[in-house]
Amino acid sequence: TRLNIHKEISKAIQEMKEEINILKSIELLELKNSLKKFQNTIESFTNTLDQAGEKISELEDWSFESTQ
């Protein structure tokens, strides 16, 4: 009957909506994880640059002291 067809279609639509919501949640978690990895990479790179800058300053100081 038409009522049964309507119920089946409504049920199928609801299941699709639930699957879409699950996929959206998974995608958001994956995006969040990717952004966290990117943030960690940037922080590591920044720390490496800071350490390099400190070494350069130490070498410049040492070089200056050596020429005095």
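A patch is made of residues with over 30% relative accessible area and no salt bridge, where like charges are joined within 9 Å. This is a predicted model, in which local features need pLDDT of at least 70 and side-chain atom pairs count only at pLDDT 80 or more, while totals for chains use all residues. Residues are numbered from 1 along the chain, and side-chain values use heavy atoms, without hydrogens and water.

**View 1. A patch of negative charge on the surface.** Glu-8, Glu-15, Glu-18 and Glu-19 form this patch; Asp and Glu count as negative, Lys and Arg as positive. The place of each Glu charge is taken as CD. Glu-8 belongs to helix α1, residues 2-67 (a helix is a DSSP run of H or I of at least four residues). Its relative accessible area of 54% makes Glu-8 exposed (exposed means over 50%, buried under 20%, partly exposed in between, with a 1.4 Å probe).

**View 2. The salt bridge between Lys-55 and Glu-58.** The structure holds one salt bridge, defined as a side-chain nitrogen of Lys or Arg within 4 Å of a carboxyl oxygen of Asp or Glu. The N to O distance between Lys-55 and Glu-58 is 3.9 Å. Both residues lie in helix α1, three residues apart, about one turn of the helix. Lys-55 is exposed at 52% relative accessibility, and Glu-58 is partly exposed at 46%.

**View 3. The C-alpha trace of the chain.** Along its principal axes the trace spans about 100 × 10 × 5 Å. Buried residues make up 0% of the 68 residues.

Conventions: Patch = residues over 30% accessible without salt bridge, like charges linked within 9 Å, V, L, I, M, F, W, Y side chains within 5 Å. Areas by Shrake-Rupley, 256 points an atom, 1.4 Å probe, with all protein chains shown as cover. Helix = DSSP H or I, 4+ residues; strand = E, 2+ residues; numbered from the N terminus.
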